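Here are my notes on the model, point by point. Please read them with the structure open.

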Amino acid sequence: MFLTMKVAFRNISRQKKRSFLLAGAIAFGMLVITLINALTGGVVGNIRDNFSHALGGHVFIMGREWTDAGQMIMKIRPDGRLDRLLEENAAQIEGFTRRSQAMPSLIFGSKQTMHLLYGVDFEEEDKLLGSLAVTEGSLNEVLTQDDVIILPQPVAERLGVLVGETLLIRLETLTGQQNVGEVKVAALIEDQEQLGLSASYISRSYLNALLGMDPHEYQLLNMFVTDLDGVEIFARTFREALRNPDEQEEVEAEAEPEVSVTVGGMPIDPLPQQEEVTRWEGTRYQVMNINQIMEAVELVVGVLNRVGLVIFLILLVVTMVGITNTFRMMMIERTKEIGTMRAFGMHQKQVKHIFLWEAVFLGLLGCLAGLVLSAVVTLVVGSIRFNAAPSMQFFLDDGRISFALSLPETILNTALVVFTSLIAAYWPARAAAKLSPMKALSSHT
Amino acid sequence: MAIVELENVKKVYTLGKAEVHALRGVTFAIDKGDFASIVGPSGSGKSTILNLIGCIDQPTEGVVRIDGTITEGLKDKGLTTLRHETLGFIFQSFNLIPVLNVYENIEFPLLLGKNRPSKKEIKEWIEFLVEAVGLADHMHHKSNELSGGQRQRVAIARALATKPEIVLADEPTANLDSKTGQSIIELMKKMNAELNTTFIFSTHDRTIMEIADHVIQLLDGLVVEDSKTGAKAGNLL
Ligand SMILES: Nc1ncnc2c1ncn2[C@@H]1O[C@H](COP(=O)(O)OP(=O)(O)O)[C@@H](O)[C@H]1O
Ligand SMILES: [Mg+2]
């Protein structure tokens, strides 16, 4: 085994130009498929990142309950179970927010506009204030006063409102009554509309009061996890821990496919269409994760990857023909050598193995070269910053194309290369093994 | 004790419709430890005989017995194993494996078998052989860095690597000048004496056959003289 491998390995460098051409052809195929895989992988990653920024988390928990009047409302009450879960899993949570939200009309004079409004506990979310890019005014007031609002610059421009002026908020309470509040504009911030993220911020207790909730209640618990790979398990932990005894497994099953996203609006449709009519006591939780939202994106990406695979396979088949021909030539060139090895007691199988190992090494060499080339290409292309249209930014990472290659895909592609090389080399290898030692030795090559 | 026996061996090659009677009933025996030479003009059947003894070809008729084993009926696997265990080969055009260096070429037959000696034993033995054929300084050279005579020395060491009973050499000096050829035969003789390995070599060079202690003379596929039995063509016919 080791001997045949050694001879095979040395044989690769025997006809350098020929090996170079074959490995080069394989490398090209590998380059193509790797770039496609890496590009789609990177796009998925960027979309996921941008989504989770826009949605404010990787895992989303909503609470639903029935009012006495028979209306279902979205609300999470202070809950010991939740607090405990957050504490127990603190190591896996990068950060979380407990927010209320509404889509009120903002009214200033004769102008009004609808805009997403988050009710935030500013003390709890100390990082939020730091992340907002203030263009006018100051954020200090929000910590001391309840009835002040932070507006995105474009919204303020639409309304014609200035810092320090007062505007009206009109919304429906959770139970559907009209309600109005009066708030002062504390600061204007840069809009992040290109990320689909444009919202105003106000203190949660104030928004809660308008919505008809207690100060410590909220509607959405969003969490960023430390390890995105474990997000599904993480979400399941929460889902299972929060399920009420009377709740059936089907709630989860129903929740999963029914995700509808409105970036910039309500993050996730709070009331799935097919709502069961039977009422329940207390709060029922719905736990969702970013991957469920990403499913549609990954479907498209999957198709792209499959197209890449087809191209790759076509390239491999072309290469196969080259390998078969080359190996047949090699067999003829090495006839006498094969005869010599056979005379000394090399079995047919071992002769075959030399050729097959050679095919394996050639395939691996090609793959390696292809991967190195891909790395170079991705590094070069990845360092260029594109001034793409805002809608394209969603696929980019800070204007750059990102590449992410998954190890299983690389292994699969390499296995495909090695497999096809083996098939291509099989017949010449067999023919070489079947050579009669006598005839091989009397050959003149 | 005979280590190689041929009994009324015939070999017919068919070339399309034509039949070539390469051997037409050859009988002889070679004893263990012999330094035997098969002599005859070109086309007399020397290579054919060595191929049959070397188990890389089978007779059309008759019996070939190698170290007690009759080759008839053996499949490729059996023949290959027999070759590996009992035979070593030296070729006219050296046939070294170009991708292996001197040491590796000599080691090569040893690594083919199943029950091979330990690494240390192999190393000591190969180093002994390299020394014995006078190539200690060239251990790590590739064959294309060696002269013809040096290559044939490597080939001799390689043929002895598995400590075979028999080493076959088909015109080992044909591609060498006469002085180098002479030294190669002398080296073979030296190894024959030192290791008691049976050597059978073919040649059409009269001066070289004189060093042999057993000479079998061929003509047109028949033994015309066997120095051991004293048989002459006339007696056979
Ligand atoms: N593979 C073969 N096919 C046909 N004829 C062959 C073959 N090998 C040898 N011969 C013929 O058999 C005869 C003996 O050949 P060979 O044993 O090679 O003689 P030598 O080695 O003494 O020159 C020659 O006539 C040769 O042409
Ligand atoms: Mg000959």
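Which residues surround ligand 1?

1. The shell around ligand 1 consists of Tyr13(B), Leu15(B), Val20(B), Ala22(B), Pro41(B), Ser42(B), Gly43(B), Ser44(B), Gly45(B), Lys46(B), Ser47(B) and Thr48(B). A residue is near a molecule or strand if one of its heavy atoms lies within 4 Å of it.

2. Some ground rules. This is a predicted model, where local features need pLDDT of at least 70, side-chain atom pairs count only at pLDDT 80 or more, and totals for chains, interfaces and linings use all residues. Residues are numbered from 1 along each chain as its sequence is written, chains are lettered from A and ligands numbered from 1 in the order in which they are written, and side-chain values use heavy atoms, with hydrogens and water left out.

3. Polar contacts come next (pairs of N or O atoms within 3.5 Å). A side-chain N or O atom of Thr48(B) lies 2.5 Å from an oxygen atom of ligand 1. A polar backbone atom of Gly43(B) is 2.7 Å from a ligand 1 oxygen atom. For a backbone N or O atom of Gly45(B), the distance to an oxygen atom of ligand 1 is 3.1 Å. The protein buries 67% of the 560 Å² that ligand 1 exposes when taken alone (Shrake-Rupley method, 1.4 Å probe).

4. Strand S1 (2–15), strand S2 (18–31) and helix H1 (46–53) of chain B each give two or more residues to the shell around ligand 1. H1(B) provides the largest share, three residues. Helices (H or I, at least four residues) and strands (E, at least two) are DSSP runs, numbered from the N terminus.

5. By class, the shell around ligand 1 has five nonpolar residues, six polar and one charged. Here Ala, Val, Leu, Ile, Met, Phe, Trp, Tyr, Cys and Pro count as nonpolar, Asp, Glu, Lys and Arg as charged, and the others, Gly among them, as polar.

6. Chain B has an open, antiparallel sheet of four strands, ordered S2-S1-S4-S5. S2 and strand S5 (69–70) of chain B are at the edges with a single partner strand each, so one side of each lacks a neighbour in the sheet. Five bridges join S1(B) to strand S4 (residues 61–66) of chain B. Glu7(B) stands opposite Val63(B) in S4(B). Strands pair if DSSP finds at least two bridges between them.

7. In chain A, S4(A) and S5(A) form a hairpin with two residues between them. Gly109(A), in the turn, has a positive phi of about 60°. Phe108(A) has Lys111(A) in S5(A) as its bridge partner.

How values were computed:
Polar contact = N/O pair within 3.5 Å; in protein donor to acceptor, adjacent residues only side chain to side chain.
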